[in-house]
Amino acid sequence: MRVLVDTNVLVKAALDFAREEDSDERKIIELLLEKKIEIIYTLNILEEYARVARRLESKEFGSWLRYLVVGVMQAHFINTDECEEIAKRFEGKIPKEDLVHFIACLVGNAEYLISLNREFL
């Protein structure tokens with residue numbers, strides 16, 4: 001099952017996992033590591049994950065999260081060029097801050113978008 005995990009959820013999940021704290025978000029990391037779900041991401045989304053992780057925790061944590069997504073999880077990379085072409089059709093229809101995630105879901109055939117943002121889209 002392919003999913004896109006919003007930045008706030010993935011960073012919280014990784015923090016809880018690293019701290020060995022039990023939470024619903026941590027379960028997402030466990031499912032990813034068990035290969036029960038597959039995360040999709042673009043280069044922009046990966047950079048956002050690492051940037052937020054560095055800001056909230058440390059540079060090392062941001063690097064670890066990037067490694068976790070790219071090197072450990074069964075992650076599916078979405079080419080940014082492919083997204084840019086499709087994004088033109090949705091500009092003005094989807095809020096700018098949500099557009100990258102929305103397009104990645106379309107291109108990556110995501111079955112779910114996991115987010116705590118109740119105003120997403």
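Predicted model: local features only at pLDDT ≥ 70, side-chain atom pairs only at ≥ 80, totals over all residues.
**Figure 1. Asp-16 and Lys-12 sit about one helical turn apart in helix H1.** The two residues are four positions apart within helix H1 (residues 7–18), which places them about one helical turn from each other. Asp-16 is buried, at 3% relative accessible area. Lys-12 is partly exposed, at 35%.

Figure 2. Arg-26 counts as buried, with 17% relative accessibility. Glu-30 counts as partly exposed, with 26%.

**Figure 3. Lys-36 pairs with Glu-34 in a salt bridge.** Here N and O are 3.4 Å apart. Lys-36 is exposed, with a relative accessible area of 53%. Glu-34 is partly exposed, at 46%. Side chains of opposite charge can pair when their charged atoms come close. The whole structure holds six salt bridges.

**Figure 4. The protein chain has six helices and four strands.** Their order along the sequence is β-α-α-β-α-α-β-α-α-β. The radius of gyration is 14 Å, close to the 14 Å from the globule rule for 121 residues, so the protein chain is as compact as a globular protein of that length. The C-alpha trace spans about 45 × 30 × 25 Å along its principal axes. Of the 121 residues, 43% count as buried.

Note on methods
Residues numbered from 1 in each chain as written. Heavy atoms only, no water. Rg over C-alpha atoms; globule rule 2.2 N^0.38 Å. Buried < 20%, exposed > 50% of the residue type's maximum accessible area, 1.4 Å probe, protein only. Salt bridge = Lys/Arg side-chain N within 4 Å of Asp/Glu carboxyl O.
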